[in-house]
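Let's walk through this fold together, starting with the overall layout and ending at one helix. Have the sequence and the model open as you read.

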Amino acid sequence: MSGRPALRGGGEVMLRAARQQDRDDILRMQDAAFPGDALAMSREGFAGVLHERGTQLIVAETGGQIAGYCLLRHRKWRPWAGVDFLCVEAAFSGRGLGGMLLRGACDRTARPLIRLFVRPDNERARALYTRLGFRQTGLRKANYHDGTDAIVLMKWLGLFRRGANRDIP
């Protein structure tokens with residue numbers, strides 16, 4: 001046993017920082033999951049995201065394949081870390097990878113709060129976020145490109161968190 005988390009249904013997962021060579025896999029997943037999103041990463045801007053101060057792009061790798069990713073941003077004027085994107089490859093859906101990525105994001109921030117948005121019709125994601133301790137704090141009107149509102153969820157992580165990675169690289 002390697003100490004790496006295991007996927008339901010088999011396979012070990014390694015969470016790590018994204019690299020430039022992960023770009024095509026990440027952008028393919030992003031474009032399939034978030035079509036038309038104005039905040040989506042571009043091919044040209046990908047390297048900038050990797051090196052942007054206060055940004056962490058975390059990937060889940062299993063069997064040498066990128067199976068999901070989470071884009072975590074820390075803005076210096078906000079007390080929370082924001083999950084801008086959380087995406088799991090369709091072939092790995094329902095195997096616990098989304099929870100692993102989100103717990104990994106929580107572990108990698110020293111901020112006391114973490115925030116994310118979710119579409120009201122995304123029942124699976126909403127159930128996951130609730131299981132992980134996120135609570136609804138608001139509604140952002142017409143957040144998505146199709147005019148759909150976003151449910152705003154936050155989770156209290158605590159002050160003076162021991163062992164949390166620093167969130168500003």
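Following the sequence, the protein chain runs through the pattern β-α-α-β-β-β-α-β-α-β-β. That makes four helices and seven strands, where helices are DSSP runs of H or I with at least four residues and strands are DSSP runs of E with at least two, numbered from the N terminus. The model is predicted, so local features need pLDDT of at least 70 and side-chain atom pairs count only at pLDDT 80 or more, while totals for chains, interfaces and linings use all residues. Residues are numbered from 1 along each chain as its sequence is written, and side-chain values use heavy atoms, with hydrogens and water left out.

Of the chain's 169 residues, 43% count as buried (under 20% relative accessible area; exposed is over 50% and partly exposed in between, with a 1.4 Å probe and protein chains only). Among contacts (heavy atoms within 4.5 Å) between residues at least 6 apart in sequence, 61% join residues at least 24 apart.

Now turn to helix α4, residues 123-131, whose buried residues are A125, L128 and Y129. These three lie on the same side of α4 because they cover an arc of only 95° around the axis, taken from the directions from the helix axis to the C-beta atoms. An α-helix has 3.6 residues a turn, so residues three or four places apart point the same way.

What covers the buried residues of α4? The cover includes β4 (80-88), α3 (97-107), β5 (113-118) and β7 (150-156). On the other side of α4, E123 and R131 are exposed. After α4 comes G133, with a positive phi near 100°.
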